[in-house]
Amino acid sequence: MVISKLSSDFPMSDLGPLSFFLGIAVSRSKSGLFLSQSAFAQEILARADIVSCNPCSTQADTKTKLAVDGEPVSDPTLYRSLVGALQYLTFTRPDNRTMPDIAYAVQQVCLFMHDPRLPHLNALKRILRYLKGTLSHGLHIKASAIDRLVAYSDADWVGCPNTRRSTSGFCVYLGDNLVSWSSKRQHVVSRSSAEAEYRGIANVVAEAAWLPNLLLELSCPLSRATVIFCDNVSAMYLASNPVQHQRTKHVEIDLHFVRERVAIGHVRVCMFHPLISMQIFLQRVYLLVCFLILEIV
């Protein structure tokens, strides 16, 4: 049905069931689709000349933060080439538990492409060793209801040791399927953890404003408002409180953007407490811990 509708508007031909596209292998089963880039991951390992390396169980060191220090690498061009390849690999790198497993680690090594140092190269090699042990991982897509989007947002605070900027991340589910995720360092320094969390919410609200328009063009309109979960009470109150005061003037643009979406009913920002559902907490909120390498106290 979708192909017939698209062919009525665009000149196209039906090449049959999708099996391989732009380095992404697609396999079909009774449970749905499985998207994998294992062949591309093996190509990256061969480019780095570590095909026979020992696999690593984690993709990043949770106890250290990358900074601008150390000796320069001998081949910065190779470093940039490998990091760029890893960026493309993150398209289908949620693992079998639907966790964006390397997005945060890749984002961290991307910050130093202009002047890579040995600690950055070691972090890159750790990601590659992690890929060695997870070549079979990919993205599962199964049939489910598509009546609304559910998003989860989180952020650290002043996590970068050099700029003291925060890193925010989000993941968006359409039904039971993970359709969008991101890990990105914020453009400005946040003066509080609530501000860092709120800027992260603003990023996911922007994504939640674009995805329904895309689905509408595909003749799959959403019937319910997008629900965004965060773990910061202050950020949740800022999303619905129309009162401006001195403590929120410096985030005024994000405040108006999110509140406008909340006011017209497109988005609802909710507090997510682990006691609501321990199973969902472990499966979905824990992905943001791996995603941002944060320690939840």
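1. Let me start with helix H4, residues 103-110, which is mostly covered: eight of its eight residues are buried. The list runs Ala103, Tyr104, Ala105, Val106, Gln107, Gln108, Val109 and Cys110. Bear in mind as you read that this is a predicted model.

2. For the overall picture, the protein has nine helices and nine strands. Of its 297 residues, 44% count as buried. The accessible surface comes to about 16,200 Å², and carbon and sulfur atoms hold 58% of that. If you take the contacts with a separation of 6 or more, residues 24 or more positions apart account for 73% of them.

3. Now have a look at helix H2, residues 38-47. Its buried residues are Phe40, Ala41, Ile44 and Leu45. Seen down the helix axis, these buried residues fall within an arc of 145 degrees, so they line one face of H2. The background here is simple: an α-helix has 3.6 residues a turn, so residues three or four places apart point the same way.

4. What do the buried residues of H2 pack against? They pack against H3 and against helix H5, which covers 118-133. Just after H2, keep an eye on Asp49, which takes a positive phi of about 60 degrees.

5. On to the aromatics: a search of the whole structure turns up three aromatic pairs. One of them is Phe40 with Tyr88, whose ring centres are 5.5 Å apart and whose planes sit at 90 degrees, so this pair is edge-to-face. It links distant parts of the chain, with Phe40 in H2 and Tyr88 in helix H3 (residues 76-89), 48 residues apart.

6. Are the two partners in that pair buried or exposed? Phe40 has a relative accessible area of 17%, so it counts as buried, because buried means under 20%. Tyr88 has 26% and is partly exposed.

7. Another pair is Tyr152 with Phe229, and this one is stacked, at 5.4 Å centre to centre with 25 degrees between the planes. Again the pair links distant parts of the chain: Tyr152 is in strand E5 (residues 149-155) and Phe229 is in strand E8 (residues 226-230), 77 residues apart. Tyr152 is buried, at 4% relative accessible area, and Phe229 counts as buried too, at 17%.

8. Which strands does E8 pair with? E5 and E8 pair in the parallel sense over three bridges, and within that pairing Val150 has Val227 of E8 as its bridge partner. E8 also runs parallel to strand E9 (residues 267-271), joined to it by five bridges. Phe229 stands opposite Cys270 in E9.

Definitions and conventions. Residues are numbered from 1 along each chain as its sequence is written. This is a predicted model: local features need pLDDT of at least 70, side-chain atom pairs count only at pLDDT 80 or more; totals for chains, interfaces and linings use all residues. Side-chain values use heavy atoms; hydrogens and water are left out. Rings of Phe, Tyr and Trp (its six-membered ring) pair if their centres lie within 6.5 Å; planes under 30 degrees apart count as stacked, over 60 as edge-to-face and the rest as tilted. Helices (H or I, at least four residues) and strands (E, at least two) are DSSP runs, numbered from the N terminus. Buried means under 20% relative accessible area, exposed over 50%, partly exposed in between (1.4 Å probe, protein chains only). Two strands pair if DSSP finds at least two bridges between them. The arc is that of the directions from the helix axis to the C-beta atoms. Contact means heavy atoms within 4.5 Å. Accessible areas come from the Shrake-Rupley method with a 1.4 Å probe; for residues, only the protein chains shown count as cover.
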